Each structure stands twice: as structure tokens, then as C-alpha cells.
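Please consult the sequence and structure shown here while reading.

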Amino acid sequence: MEIRLHYIEQGEGFPLILLHGNGEDHTYFKRQMEPFADHFRVIAVDTRGHGESPRGTGPFTLSQFAEDLKSFFDQHGISKCHLLGFSDGGNVALLFALKYPDRVERLILNGANLDPCGVKLKTQIPIILGWGLCRLCALFSQQAKQNWEMLNLMVTQPHIHRAELAGLDMPVLVVAGEQDMIRESHTQSIAANIPNSRLVILPGDHFIARRNWQGFNDTVLEFLLDRS
């Protein structure tokens, strides 16, 4: 692996990996670390080019982030885990689970989308405008280039076909907020196309793990601790 991802961990037992969203880092899950660590070895990872993880020279794509995660597993001797991803982290978690299903015991997708059309227009239009502006400014500014790379993830990725979801055979929790930036019909479609999934829509917006953390934590733990 060309880079080593920064991470924090807390607790013992079966690994639970947390993947943050675009432009964030592991601190997004500060309300989850302690409650989840009562039951699992919780590992919150900074994605390539986010937080304290280096950008490196590899592609800045969701698929590359999934490969980075595979390398992280191998480096730390993690053969299998529960995997929770938020927003772009949910997209990475989904890509990882599709490619390496034997490494995922249970999967939680929070605010994920299969393609850019899953994002509501009122959210996506400003992102596209910023993406275009940063593309022009990147000719003169390194910071603008970095901002463009971040926005490019949301404007051009991911591209996951619904038919692929049938290949997921692990239990999957699909969770989003009532006022999420992801279209509810899109979230419902994700859950409907995964054979062993459950869908939960919680009060709140896209950032329910931060703003409705009690409801989010209870929902996730109920799913992970359910042995029925």
C-alpha cells in the first residue's frame, strides 16, 4: 500500500469499522465511539486525503478508497468486521462489501447513494457549481485543486447498478434521515434490492449520527446485536 491510513480505536472484541463522509474525518463519529465500544472493537478510519491520512499519489476515487480499506484490513490483521459507512463512506462501504463480501459480517449504509442522481437537486446543484468553479481555479491554486477533488467524488461518483445489490448476502441496515439530502425513493430502492436488508428512516437530516445520535446509536446497536 502506498499510504497508511490514520485511525483511532476504542473497545475490545469483534471489529466495527466506521467510515466518515466527504470532507470529514474520524471525529464525525465522536458520539458513537464510546457507546459502540461497550460491545465492539471500534475503529474509525480517516479516508485517503481526509483528516490525518495522506493524499498519496493514487487515484482519488471511491473505488480506490475501498482498496485502501482492504489494505488497512490486511495491515491490521482484520479478517472480518462489521462495517458502517456514512454518506461517501457508505458508498465506499458498499463498494467494499460488493468486492470483498467475505470480509463483512454485517453492513450499515447511512445516507449512501448508488449514483449522483440519488442526491436531491437542491443539494447537488450548488455542489456542481462549486465543482466547476474549483476546476477553473485549480489552474492557479493547489487548494482549489484539492477542493475540486473532494467535490468530484460527489458530482461524478459512485456508479453502482441496482442488480449488483442482489449479490450481498450479509445482513444490511439501510438508514437515513427524514430530511436527508439523499432522495427517500433512492434510499428505499437500495434497501429493496438487497435481499437481507432492513430500512430505517429516522427523524433528522443527512447528519443523523451527529444530530440525532441517540436514535441512530440505538438503531445501529439493535441491528448489530440482533442474533435472531
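Is I128 buried, partly exposed or exposed? I128 is partly exposed, its relative accessible area being 37%; here buried means under 20% relative accessible area, exposed over 50%, and partly exposed in between, with a 1.4 Å probe and protein chains only.

## Basis of the description

The model is predicted: local features need pLDDT of at least 70, side-chain atom pairs count only at pLDDT 80 or more, and totals for chains, interfaces and linings use all residues. Residues are numbered from 1 along each chain as its sequence is written, and side-chain values use heavy atoms, with hydrogens and water left out.

Helices (H or I, at least four residues) and strands (E, at least two) are DSSP runs, numbered from the N terminus. Contact means heavy atoms within 4.5 Å.

I128 belongs to helix α4. In space, I128 and A176 are 23 Å apart, C-alpha to C-alpha, with a sequence separation of 48 residues.

Helix α4 (residues 121-137) packs with α5 at an angle of about 145°, and the two axes are 8 Å apart. Axes are lines fitted to C-alpha atoms, for helices over the stretch in contact, and angles run from 0 to 180 degrees between N-to-C directions. The crossing of α4 and α5 is left-handed; a crossing has this hand if the near helix is turned anticlockwise from the far one by less than a right angle, and is right-handed if clockwise. On the α4 side the contact involves Q124, I127, I128, G130, W131, C134, R135 and C137, which meet A144, N147, W148, L151, N152, M154, V155 and T156 of α5. By class, this contact has 10 nonpolar, 5 polar and 1 charged residues. In this classification Ala, Val, Leu, Ile, Met, Phe, Trp, Tyr, Cys and Pro count as nonpolar, Asp, Glu, Lys and Arg as charged, and the others, Gly among them, as polar.

## Helices α2 and α3

Helix α2 (residues 62-75) and helix α3 (residues 88-99) pack at an angle of about 65°, and their axes lie 9 Å apart. This makes α2 roughly perpendicular to α3, a term for angles of 65 to 115 degrees, whereas those under 35 count as roughly parallel, those over 145 as roughly antiparallel and the rest as oblique. The crossing of α2 and α3 is right-handed.

From α2, the residues making the contact are L62, S63, F65, A66, E67, L69, K70 and F73, and from α3 they are D88, N91, V92, L95, F96 and K99. The contact of α2 with α3 comprises 8 nonpolar, 2 polar and 4 charged residues.

L153 lies in helix α5 and is buried, with a relative accessible area of 1%. Not counting residues up to four places away in sequence, L153 touches N22, F60, T61, L62, F65 and D88. L153 and F60 are 93 residues apart in sequence, yet their C-alpha atoms are 8.0 Å apart in space.

G49 is in the loop between β3 (41-45) and α2, and is partly exposed at 28% relative accessible area. Beyond its neighbours within four places in sequence, G49 contacts P54, R55, F60 and M150. G49 and F65 are 16 residues apart in sequence and 9.8 Å apart in space, C-alpha to C-alpha.

Helix α6 (residues 184-192) has H186, T187, S189, I190 and A191 as its buried residues. Their cover includes the strands β5 (104-110), β6 (172-177) and β7 (197-202).

I182, in the loop between β6 and α6, is buried, with a relative accessible area of 3%. Leaving aside neighbours within four places in sequence, the contacts of I182 are G111, A112, N113, G118, V119, K120, T187 and H206.

## Backbone features and cysteines

Most residues other than glycine have a negative phi, and most peptide bonds are trans. S87, in the loop between β4 (81-86) and α3, has a positive phi of about 55° although it is not a glycine. S87 counts as buried, at 12% relative accessibility. A cis peptide bond joins Q157 and P158, with omega of about -5°; P158 is in the loop between α5 (142-156) and β6.

The count of disulfides, defined as pairs of cysteine sulfur atoms within 2.5 Å, comes to 0. C134 is in no disulfide, the nearest cysteine sulfur being that of C137, 6.4 Å away. C134 is buried at 14% relative accessibility, and C81 is buried at 0% relative accessible area.
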